[in-house]
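Here is a short walk-through for a colleague opening this entry for the first time. Please keep the 3D view open beside the note and take the points in order.

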Amino acid sequence: MATTATPSTPDGAPVPDSVPKQTKQTVDPYNVTGEVGADGVVKAIDYNKLVDEFGTKKIDDELLARFERVTGKKPHHFLRRGIVFSHRDFETILDRYERGEPFFLYTGRGPSSDSVHVGHTIPFEFTKWLQDTFDVPLIIMLTDDEKYLFSDKKTIEEVQGYCASNVKDIIAIGFDPAKTFIFSDFDYVGGAFYRNIVRLSKHITLNQARAIFGFNESTNIGRIHFGSIQGATSWASSFPHIFGEDEKQTVGIPALIPCAIDQDPYFRMTRDVSARLKFQGKPYAKPALIHSLFLPALQGPGTKMSASIDESAIFMRDTPNQIKNKINKYAFSGGKVSVEEHRQFGGDTSVDVAYQYLRFFLEDDDELEKIRIAYENGEMLTGELKAICIRELQKYVAGFQERRAKVDDDTVKLFMERRPLKWGGNPKAPVV
Ligand code: ATP
């Protein structure tokens, strides 16, 4: 759906420099922007097109019903509302859970600023829920090396400096320390992990990396190599302190990776190599994925909220007043130009940022539905909708900040220490 006129963001604001001036929809780990039409209009991200292009599967009602049968848990509202909408091999993970076979969760964060934003909390909140549901180990990777390699300005010291505060943010989501290992690439690369990085990199040609990520002759070679670091984290044998030293056993343990769909190219590449690799005759498990939509930028659904574009984001360190001002000032509205017109024709919730944020953060299905109807039939005005969004986001961020204040340096050390983890898995699985 079209959302604006030239020069391009939905409210006609100048296009941030990071949004390429182009016409095709681009979604990869480094760029997220909807198609720009001939009239210069940035359209909302077309997620169905991504499913087709990437070759993933949509999460359908049948899969959700199976999930509920196998876990005994009602699907999370992200699943019920199609926010977590696509997957690769999630059925295989459910098969393993049913049989009591091991798997683990893996997600991450690139420390590009000293605070995460509300968009980053989407995969983390969902991952926590999966950890509680499946009772399995979780690996969280901080790609400080990536943020250095992919930025023209940031120094190594700067990105490393962001790690500690980002880890505190991540811990504040509520992960269980007994089952969670957090590491920074700069600190953890070496040993079994580095062996896997090199194994993976040996099976990716420059041509493949170019085709997957769009690199060219001027791309620095660190960027070209980085995919093998992100990929090797999905192999359990990179973590002998958690899964044991016997690589013949650990190569068969798959990861389930919750992430927004921009990260898929890394794991498409890793899955392809996993399918071709064996360790002493035993095949490497392909990582499974479960993808979420992007929490849109305040400027509209044509791009994602990004820490690198300050005015696009609500940060988890923002005060209630900052949240209020940002929503009131920047949040793109699906409302009509005048109150009269809005009362007559109603608003468009599919592009309204305040409504879209409520889809992510307001858990009560009935209340959300009432808001949708009232806004679409013109009963509710943009100001009222924004007020509800402000209230919900202030509540969410305040709860986070309360937990964040209790995370000290010792807790960070605990999560980042190389140590065995303890988990239970499926209590109802048959004993073998
Ligand atoms: P930024 O410029 O904000 O740092 P990023 O995509 O580089 O953006 P990462 O820290 O690399 O941020 O992303 C960590 C995880 O959060 C990934 O799974 C990514 O897909 C997800 N993510 C990032 N932005 C959003 C968003 N706006 N909505 C939902 N998920 C997001």
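This is a predicted model: local features need pLDDT of at least 70, side-chain atom pairs count only at pLDDT 80 or more; totals for chains, interfaces and linings use all residues.

1. A pair of aromatic rings is described by how far apart the centres are and by the angle of the planes. Counted by the rule used here, there are 35 aromatic pairs. One of them is Phe126 with Trp129, a stacked pair with 5.8 Å from centre to centre and 20 degrees between the planes. You will find both residues in helix H5 (residues 121-134), where they are three residues apart, about one turn of the helix. Phe126 counts as buried because its relative accessibility is 2%, and Trp129, at 13% relative accessibility, counts as buried too.

2. Now turn to Phe361 and Tyr396. Their ring centres are 4.7 Å apart and the planes meet at 45 degrees, so this pair is tilted. Phe361 belongs to helix H17 (residues 353-361) and Tyr396 to helix H19 (residues 382-405), so the pair ties together parts that lie 35 residues apart in sequence. Both Phe361 and Tyr396 are buried.

3. Helix H17 deserves a look of its own. Nine of its nine residues are buried, so H17 is largely enclosed by the rest of the structure. Among the buried residues are Tyr355, Gln356, Tyr357, Arg359 and Phe360. At the N-terminal end, H17 is capped by Asp352, which has a side-chain oxygen 3.1 Å from the backbone nitrogen of Ala354.

4. Next comes strand E5 (residues 104-109), with five of its six residues buried. E5 has a parallel pairing with strand E8 (residues 255-260) over two bridges, and here Leu105 stands opposite Leu256. E5 also pairs with strand E6 (residues 138-142), again in the parallel sense, over five bridges. In that pairing, Tyr106 is found opposite Ile139.

5. How are E5, H5 and E6 arranged together? They make a right-handed β-α-β unit.

6. Arg268 lies over the face of Phe54, 4.4 Å from the ring centre. Arg317 has its charged end over the ring of Phe315, at 4.8 Å from the centre.

7. Finally, please look at the ligand. Which of the 21 residues around the ligand come nearest? They are Ser112, Lys147, Asp262, Lys304 and Ala307. For Ser112, a polar side-chain atom lies 2.6 Å from an oxygen atom of the ligand. His120 also places a polar side-chain atom 3.1 Å from a ligand oxygen atom.

Note on methods:
Residues are numbered from 1 along each chain as its sequence is written. Side-chain values use heavy atoms; hydrogens and water are left out. Rings of Phe, Tyr and Trp (its six-membered ring) pair if their centres lie within 6.5 Å; planes under 30 degrees apart count as stacked, over 60 as edge-to-face and the rest as tilted. Helices (H or I, at least four residues) and strands (E, at least two) are DSSP runs, numbered from the N terminus. Buried means under 20% relative accessible area, exposed over 50%, partly exposed in between (1.4 Å probe, protein chains only). A charge sits over a ring if NZ of Lys or CZ of Arg is within 6 Å of the ring centre and within 35 degrees of the ring normal. A polar contact is a pair of N or O atoms within 3.5 Å; within protein, one must be able to donate a hydrogen and the other to accept it, and residues adjacent in sequence count only if both atoms are side-chain atoms. Two strands pair if DSSP finds at least two bridges between them. A crossover is right-handed if, with the strands pointing away from the viewer, the path from the first strand over the helix to the second runs clockwise. A residue is near a molecule or strand if one of its heavy atoms lies within 4 Å of it.
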